[in-house]
Amino acid sequence: MDLVGAYRLSRCEVRWSNGEVDFPYGPNPEGLLVYTADGYFTGHVMRPDTPRLSTGARHAPAEETRAAFLGYIGYYGTYGVDREDGTVTHRVLGSWHPNWVGTDQVRHFRLAGADLVIETPAIASGGRSYRTRLVWKRSGLQEPNESDRIV
């Protein structure tokens, strides 16, 4: 159950307690999750169809900024694995969401071959609860093009 490696996202879904399923990053989300051998991680998920900002800068109209914020999640830090509980704890050093910085984000995980399934504990929201489930694939990572490499 060695998590070390890089994974591409293949599915991200929100499963509500009433049985509904939502896809907050669309039907074909993009994402990358990396666990290093020395205990660091970084994870990113995005909605690939998020409209570009009209300004070309970080400051944009409120509705564009909102869509950009809701169409992306990313954070990084250190991690620890509890094999007995089947959990990985992400100790957040930096995040797109400022409330996560300095917190421990516990996730249930299952590793089967090249597939890594990560799921949040139940989260209460508006009288209901949900779990976010992400399916990652270790195989199939494309090597960067030679022109993408920094020398």
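Which residues touch the most other members of the largest nonpolar core? The model is predicted: local features need pLDDT of at least 70 and side-chain atom pairs count only at pLDDT 80 or more, whereas totals for chains, interfaces and linings use all residues. Residues are numbered from 1 along each chain as its sequence is written, and side-chain values use heavy atoms, with hydrogens and water left out.

**View 1. The largest nonpolar core has 21 residues.** Leu3, Tyr7, Tyr35, Leu116 and Trp136 touch the most other members. Such a core is a set of buried Ala, Val, Leu, Ile, Met, Phe, Trp, Tyr and Cys residues joined through side-chain atoms within 4.5 Å; buried means under 20% relative accessible area, exposed over 50% and partly exposed in between (1.4 Å probe, protein chains only). Elements giving two or more residues to this core include β1 (5–16), β8 (115–119) and β10 (128–137). Strands are DSSP runs of E, at least two residues, numbered from the N terminus.

**View 2. Surroundings of leucine 3.** Beyond neighbours within four places in sequence, leucine 3 is in contact (heavy atoms within 4.5 Å) with Tyr35, Val81, Val88, Phe109, Leu111, Leu116 and Arg138.

**View 3. Tyr40, Tyr76 and Leu93 form a nonpolar surface patch.** Together the three residues have about 330 Å² of accessible area (Shrake-Rupley method, 1.4 Å probe, only the protein chains shown counting as cover). Tyrosine 76 lies in strand β5 (residues 72–82) and is partly exposed, at 44% relative accessible area.

Conventions
Patches are made of residues with over 30% relative accessible area and no salt bridge: like charges are joined within 9 Å, nonpolar side chains (Val, Leu, Ile, Met, Phe, Trp, Tyr) within 5 Å. A salt bridge is a side-chain nitrogen of Lys or Arg within 4 Å of a carboxyl oxygen of Asp or Glu. Helices (H or I, at least four residues) and strands (E, at least two) are DSSP runs, numbered from the N terminus.
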